[in-house]
Amino acid sequence: MSNTTIEQTQTHPDKDKGYELGHLKPEVNYRPEWGRRSAEFRAATPCQLDLSYGHGPRGHLDFFPSTQAAESDTLIFIHGGYWQKGDKSFYSFVAQPFVQHGVSCVLLNYDFCPSVRISDITAQVQAAMAWLWRNGDTLGIATDRLHISGHSAGAHLAAMMATTDWSAQDATMPNGLVKSAALISGIFDLEPLLQVPDNQVLKLDAQEAMAQSPVR
C-alpha cells in the first residue's frame, strides 16, 4: 500500500464504503441518471406539464396519461426533500414504467418550508387532489381509481391524503377518494422532529406535530 493510499484511508476511512459525500460535485455527478431519464421520458411520451391546480406559487402538476386513461388507474406521486426542496421534473422517470403498463401518473409540486408550514403543504396537496377529482373529465381520467405514493416528505404527504376525511373537506367528495397508498421511507409521527435543529426551518409546534402525524 502506498503512502498516498494510507493517508487517504486514515483521513477518509469511509471513502471506499460510499458514505463520504464531501467529494461529490453536484453539477457533475449528483444523481445525473434521474435527470436524464426524466427528460428523455418527457420528450418521448404525450404529457401535460405544469398544469396549475390553483394553490400556491409552486402549485403545479405534470400529467402522464396511459393510452386508455379513462379506463385505467391513476397514480399520484409526491416527491421528497424534507418539505424544503425538490421538484417534480426530476421524478418524471417514476411515471415511465406505470404508463408503459397502462397506469396514468400525476406528479405534484408544492411550496416549501420555511415559507409555509407543513400544515400548509398538507392543505395544498389536498387542494391538488380535489382539483384532480373535479377536473377528471377534462383530463380524461377515472376519478374513482386514484392511488397515491410518495417518498420521504412525499410519503408523509401521501399518508395525510390517505387519512383525509374528504367529505369534511367538501361534501360532494367521496371518502374513498384514495384507493391505495405506497409510502416509501416516510415520517409518520412528527413529534420527534420537535427536538431536531432543522425544526428552526420547519417551525413545528406540539399541536401541529400531533395534527400532522398520520399515525394519529
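Biologist: Leaving aside its neighbours within four places in sequence, which residues is Leu-108 in contact with?

Modeller: With those neighbours set aside, Leu-108 is in contact with Tyr-53, His-60, Leu-61, Ile-76, Phe-77, Ile-78, His-79, Lys-88, Val-125 and Ala-128, where contact means heavy atoms within 4.5 Å. Please keep in mind that this is a predicted model, in which local features need pLDDT of at least 70, side-chain atom pairs count only at pLDDT 80 or more, and totals for chains, interfaces and linings use all residues. Residues are numbered from 1 along each chain as its sequence is written, and side-chain values use heavy atoms, with hydrogens and water left out.

Biologist: OK, what pLDDT does the protein chain average?

Modeller: The average for the protein chain is 88, and 85% of the residues score at least 70; pLDDT is the predictor's confidence in each residue, on a scale from 0 to 100. Over residues 1-19, however, the pLDDT is below 50, and this stretch has six contacts in the model beyond near neighbours in sequence.

Biologist: Which way does E2 run relative to E4, parallel or antiparallel?

Modeller: Strand E2 (residues 60-64) and E4 run antiparallel and are joined by four bridges, and Leu-61 stands opposite Leu-108 in E4. Strand E3 (residues 74-78), by contrast, pairs with E4 in the parallel sense over five bridges, with Ile-76 opposite Val-106. Two strands pair if DSSP finds at least two bridges between them.

Biologist: And what do E3, H4 and E4 make?

Modeller: These three elements make a right-handed β-α-β unit, and right-handed here describes a crossover in which, with the strands pointing away from the viewer, the path from the first strand over the helix to the second runs clockwise. Helix H4 covers residues 92-100, and its buried residues are Ser-92, Phe-93, Val-94, Ala-95 and Val-99. Just after H4, Gly-102 takes a positive phi of about 85°.

Biologist: Changing topic: how many residues does the largest nonpolar core have?

Modeller: That core has 40 residues, and those with the most contacts inside it are Leu-61, Trp-83, Leu-108 and Tyr-110. E2, E3, E4, helix H5 (118-134), strand E5 (146-151) and helix H7 (153-162) each supply at least two of its residues, and H5 gives the most, with eight. A second, separate core of twelve residues includes Phe-64, Val-94, Val-99 and Cys-105. A nonpolar core is a set of buried Ala, Val, Leu, Ile, Met, Phe, Trp, Tyr and Cys residues joined through side-chain atoms within 4.5 Å.

Biologist: Speaking of cysteines, how many disulfides are there?

Modeller: A search of the whole structure finds zero, a disulfide being a pair of cysteine sulfur atoms within 2.5 Å. Cys-105 is buried at 2% relative accessible area, whereas Cys-47 is partly exposed at 26%.

Biologist: One more, on H7: what do its buried residues pack against?

Modeller: They pack against E3, H5, E5, H8, E6 and helix H10 (206-211). Nine of the ten residues of H7 are buried, so this helix is largely enclosed by the rest of the structure.

Technical notes. Buried means under 20% relative accessible area, exposed over 50%, partly exposed in between (1.4 Å probe, protein chains only).
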